[in-house]
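User: Could you walk me through how to read the overall features of a model like this one?

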Amino acid sequence: MTGYPRLSQATLAAAAPGIAVPAYDRAGIAPGIVHFGPGAFQRAHIASYVEVLLPADPRWGIAGIALRQGAQGAALAAQDYLYTLAELDEPARFRVLGALKDYIVAPAEPARAVARLDAASLVTITVTEKGYGLDARGELDAGHPGIVRDLAQPLAPAGLIGWLALGLARRRAARLPPFVVMSCDNLASNGPKLRRALIAFAGASGQADLARWIEDELRCPATMVDSITPATDDALRARVAAATHLRDAEPVQRESFAQWVIEDSLGPGMPDLTAAGAQLTGDVHAYEQAKLRLLNGAHSALAYIGLERGHATVGEAMGDARLGAFVERLMREDVAATLCAARGLDIQDYVGVLLRRLRNPAVSHRLAQIAADGSTKLPYRFLEPIADLLKLGRPVTRPCVAVAAWMRFVRGAARAGQPLADPLADELLAAGKACSGSAATDVPRFLALAAIFPRELAAAPASPPRSPPPMTISTGALRQPGAGAAAGAT
Ligand code: CS2
């Protein structure tokens, strides 16, 4: 592996035969897209759609803006922002993508970030759920430390909302139309939430005119993005070098399946993403909800229950007959009942496709990766479906088992003195440490975390008749399929 040259524009010609590399003139590509959060998901998913457009339309190169320091930008710069995408299938497919034209670490080079934003027509975003500074209701959290900081210094922002507000204020001052802003994070109603957060931020920073202008002018379409993207590791680097004959420090990998559903409100002057395979629809909410509750919900259930049962990857957890069957019933019998219909989306067929994807032997997806940031994922993956099931008078046992498994996961980390990757790590570890082992007192400690559990849900009396209490801290239902969760933590 070490004998191969480092991937760069100059070494592209050395790529192994059959490896697709950018065949267009990269020097002529203008970065019409700015992307906040140019991590593995964006580079594996969004950039692969944009790549398809570039030979015919050179306006849509991507300038990535990272909001935190990290080594990735320098590694990508050393390869002229080229990197390899491995599509995991039998056999895997490798191609070098050239859509990324720049990668700016905003705290290090704020002026360059501003200049890129000034020149963008479309701003796409993957900063994860925790990057928005929203409260449990999905509104701007004016007490969030990052928001407080940016409200005090709107001309030198650090967070996503502050940066977007600055870019929009500059457009307005220059009497130019705003860029289109597209959240591609796993957040229910991501577009409307982002729009409301920007309006609230502009208002709270004393820019009432900007708030009104955003309200009147800004397009913020909702989107659903989907492709399972395991984190980059040395095994991938070695595989990529062997296949491409080039050394790539920052390759990315994903399943070959990819989906991008975008609310049909982009307006004029946008890249033709449908030509690259994206779907435009008026029904994005239905797609988004089905994906978040079914795929992401299944992922989190597999992560917290699977880790407890000694599994390391999604494939292993799905291969555990009891857990696989449990997750299928969670999807088909519980979550499916909470979803709204959309044209062209048959929920039971969709579940069938998801189950095949979760069992794909070509993808090794670590449960620990999915288990991170539980406090931001639980609400739309489990709590909203639980609230809907309660309204429908249906049992909530299975989603509650998944929530209970998350509580045990947190408690386990606290007891073992391990760190927790979660924006609420301090509060969660404190709750976990205070656990005695009795569900009757431990569960309420977690339910009291108002940033995660809405008051009404935490106070909800147990579910419908004959169903066990909703928050039993046990995976007992797995051991007794159909019998409901057994109370009591061990
Ligand atoms: C996963 C997602 O890590 C997680 O929480 O559930 O990253 C999931 O793989 C993607 O949303 C799939 O599109």
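User: What share of the 490 residues in the chain is buried?

Analyst: Keep in mind that this is a predicted model. Buried means under 20% relative accessible area, and 57% of the 490 residues in the chain fall in that class.

User: How many helices and strands are there in the chain?

Analyst: The chain has 20 helices and 11 strands. For overall packing, look at the radius of gyration: at 23 Å it is close to the 23 Å from the globule rule for 490 residues, so the chain is as compact as a globular protein of that length. The C-alpha trace spans about 65 × 55 × 45 Å along its principal axes.

User: What percentage of contacts between residues at least 6 apart in sequence join residues at least 24 apart?

Analyst: That's 75% in this chain.

User: And the surface: how much of it belongs to carbon and sulfur atoms?

Analyst: Carbon and sulfur atoms account for 54% of an accessible surface of about 19400 Å². As for charge, the chain carries 50 positive and 47 negative charges, and their mean positions lie 3 Å apart.

User: How many disulfides does a search of the whole structure find?

Analyst: The general idea is that a disulfide covalently bonds the sulfur atoms of two cysteines. Here the search of the whole structure turns up zero. Take Cys220: its nearest cysteine sulfur belongs to Cys184 and is 11 Å away.

User: Is Cys220 buried or exposed?

Analyst: Cys220 is buried, because its relative accessible area is 7%, under the 20% cut-off. Cys340, at 33% relative accessibility, counts as partly exposed.

Definitions and conventions
Residues are numbered from 1 along each chain as its sequence is written. This is a predicted model: local features need pLDDT of at least 70, side-chain atom pairs count only at pLDDT 80 or more; totals for chains, interfaces and linings use all residues. Side-chain values use heavy atoms; hydrogens and water are left out. A disulfide is a pair of cysteine sulfur atoms within 2.5 Å. Buried means under 20% relative accessible area, exposed over 50%, partly exposed in between (1.4 Å probe, protein chains only). Helices (H or I, at least four residues) and strands (E, at least two) are DSSP runs, numbered from the N terminus. The radius of gyration is taken over C-alpha atoms; the globule rule is 2.2 Å times the number of residues to the power 0.38. Contact means heavy atoms within 4.5 Å. Accessible areas come from the Shrake-Rupley method with a 1.4 Å probe; for residues, only the protein chains shown count as cover. Lys and Arg count as positive and Asp and Glu as negative; His and the chain ends are not counted. The place of a charge is taken as NZ of Lys, CZ of Arg, CG of Asp or CD of Glu.
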